[in-house]
Structures are given as structure tokens and as C-alpha cells.
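Dear colleague,

Please find below the structure I am handing over to you. My notes on it come directly after.

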Amino acid sequence: MTDDRRLEIERGFDGELDEPEPASPIDDPEARRHLDRLARLRELALRHDPGSLVPRRSFELPRRSPRRILSWLAVAATAAVVTLAFLPEFRSGKPPRVVLTEPTTKPSARPLEPTVGRPPLEVELYGWANTPSKPSGQVAKLVLSPGPSSKKRSAANEILALELANASRRDRSGVQRFAVAKGSKPAPGPGPKPGPPGSRAKSSLPDV
Amino acid sequence: MSHRSWFIDPTERNISSQGESNLVMAPETETETERNASDSGPLPEREVRCAQLVDSCLKGSTADFAELFELTEPVVRRLVGRLTGDRDAIDDLVQETYLRAWRGLGQFRGTSRFSTWLFRIAVNVTQTWRKRRRPALTLLEADDRAYGRNADVGDQALLDVYARALDRLPPELRATFVLHETEGLSYRAVAETLQCPIGTVMSRLHRARSRLLEEIGEQLEELRP
């Protein structure tokens, strides 16, 4: 089909021909096919209508995975529960509860219990602490003895060892005490003089 | 010669296989000189109302411009959407079109229809936008575009191919094709809008169709009626 013929068919298709076409395009299969394609193209062009939708950014949510949404919901629910739990307390006017983080000097009424899996040294210390007389100078020497194990001593073990050393000292020389913390003084009153320098057990912990 | 009104709703357009379109025909008349060259017949009601509103806007009524906007915005939005293919840009371009129309309303001489004048502004605005935008859309963005409420879900792939082919057309071919094929403007109305001879409109339309059919002609068979 020539280009002029196509142009003529298109003008007829658009209704822009001044005179009706002498020969019906239906008689020509090629012309009929071209007309059919023109009609389909127009139909497609009419269906293409981006302007009938609102802009994408204003109505579409960002893509999120269900797992992420569920985690956000869980966090929000937890926050809501915590808020609701503390709300009556705040409204009642009572002072908030205070959690003590510093160790108290008050001795525990319950005896210390060794736990399975603790180091042998701690087990020995717990055993000593649970005995009423606590005459264990051997344990104190064990704890305070220098060596690689002393680097791993915890603050509790250190204090416990000092107490053991004091107890051991008391056993040997009456009321003589070792200083546990900075600023502590020997018990007032008459008693034997403190031992020579170097005989006092000092804490290796930093001053508090 | 029959003309189609720019107010025709495309969904009302009934296209037969013989190429005859059962449209509400409207004459394209304007000034005395142009009326002689155009079809005779009454102006569409909305076109008459537009002319009245333009007159009152020129006398300083901003409320009438608001009514003018409400009356014409859906058509301008549809045109801008088809010319750009980017629904994220439509709002800005429609706004820019009406801003220019408001500023230039004093220069509207009434020698053509208000719709023709407004379409000309919209085409200029979109062509300026196309010059400034990125050179080509990425494949992902093209796949993510939507094609409006008239689109069947099964035709999305075909519409995507069509949108890409339309996007590749030169601006003048694209504007001619969209104004005539989807907005229903006659050759003469397209020529007035684009300010070019009717013969140029005919050749541009023919070239645009040829290119589109060359790219998607085989796949048009898949289009569901």
C-alpha cells in the first residue's frame, strides 16, 4: 500500500475527508487491516490516561516487608503496655520506686549458696562464708596470693578475701583488723599496735 | 468535514472498525473570519460558559477564574498526563498552565476558542518540561507507571509498550497525535493549537501513527476489545 493511500485512509478514518471515498475500504483487505490497526491504536491511546490518577507519592505507602511491619507493631505494643502500666503510678502522686544499685553493708540473712559451674576458688569462699566460725586463713592466702589467677579476681572476691584475711588475723592476734576500704580505721580502744608495714592486706581495687 | 469537541469524554467515544467515530460533533467557530472557514453550528455549552467567564475574569473577577478552572481542569489534566506520561509531574504542570493562563488572560484576544488557547499553553508548558527533564526514563520507572482507570489489568503490558513508544516520539508528533487521537481535536483545531498549517498536522499525524504502528503494530492484536 502506498503512503498516499494510507494517508487517505487515515483522513477517512478521522472523518476529515472533503468527499466520501469512492471505493469502500472494506473491499480492500489491506486497507481494512490498516483501518483495524488504526482503530486499535486509538483505543489504546484512549486507555492511556496517567492524569486520571493522583500522584504516586501522595497515596502509596512505601514498600515494607510484613516482617518489618510486625516488628514495628510489636515495639509499639510494648511501648503502649509499659506506658499503661506506669500511668496509674504517675497519676497517684507517689514518688517513683528507686532501685538501689550500690551494695549495702547489711549482711544477707540467707547463707550464700555455691552454684554449679563457679570457679573452685569461689566455691571454697562460699563454703567458708557459710561456716559459723570462719577460721580460714588458708583461703585468704589462696585468694590474695599473687599469680595469674589474681588478675581475674572480682570485686566481690577481693572484699571477701580481705574479710577472710581480717578474720584470720583476728584469730591470730585478737582484734587487729585489716583495712577494707579507703579511710577505714582500726577499731577504737585499747589493743595491740598494728603490724609492721607490709603486714596489712590492701585492696587492689581502685578507690571508690 | 466534521469536528470533534475538546470536551468530549474519551470513554464516550465509540470507535468502529470502519474508522467512523460516533462523536458529539461540535463546530469550531470563533471569530468572524474563522467562522467562515469552520463548520457551522452552535458552540458547546461549556465553551459558551468559558467565554462568559473569561469576560468576567478580564473585568477582575477571581471567583470566575476559579469556576473556569473547575470547568476546564479535568481536560487539561488529561492532556498533560498524556503528553508527559509522568503522573508525578502532572500537578505541577497543570498548576503552571493555569498560572500562565491567569497572567496572560489579558492577552487573550478571543480570536480562537478559550480551549484552544488553554491547550496551547498546556502543550508549551509540557514541552518545556520535557526539555528540562532527564533524557529517558529508566526501565523500572516505566514499569511502575500507571495508565489510568480506563486501563484493563490484562492490557498493562501493552500500555507500557505504547507509553514507551509514545515517549520516544518527537514532541511535535506526540502533541499532534495526543491532541487529535485522544482529545478529539479536529485537524483545524490541532493546527490552531500548535499554530501550524493543517497540512503539517496531517503529515505529523501520519508520521506519528506510522512510527507507533511500526513499534507496536504486531502487539495491537492482543488488545482486548
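The following paragraphs cover the aromatic pairs, the cysteines and a surface patch.

This is a predicted model, in which local features need pLDDT of at least 70, side-chain atom pairs count only at pLDDT 80 or more, and totals for chains, interfaces and linings use all residues. Residues are numbered from 1 along each chain as its sequence is written, chains are lettered from A and ligands numbered from 1 in the order in which they are written, and side-chain values use heavy atoms, with hydrogens and water left out.

Over all chains there are 6 aromatic pairs (ring centres within 6.5 Å; planes under 30 degrees apart are stacked, over 60 edge-to-face, the rest tilted; for Trp the six-membered ring is used). Phe65(B) and Tyr98(B) form an edge-to-face pair, because their centres lie 6.4 Å apart and their planes stand at 75°. This pair joins helix H3 (residues 62-84) to helix H4 (residues 87-103) of chain B, across 33 residues (helices are DSSP runs of H or I, at least four residues, numbered from the N terminus). Tyr98(B) is buried at 6% relative accessibility (buried is under 20%, exposed over 50%, partly exposed in between, with a 1.4 Å probe and protein chains only). Ring pairs link Phe65(B), Phe69(B), Tyr98(B) and Trp102(B) into a cluster.

The whole structure contains 0 disulfides (cysteine sulfur atoms within 2.5 Å). For Cys50(B), the nearest cysteine sulfur belongs to Cys57(B), 9.9 Å away. Cys50(B) is buried, at 0%.

In chain A, Leu73(A) lies in helix H4 (residues 66-92) and is exposed at 52% relative accessibility.

Kind regards

Methods:
Helices (H or I, at least four residues) and strands (E, at least two) are DSSP runs, numbered from the N terminus.
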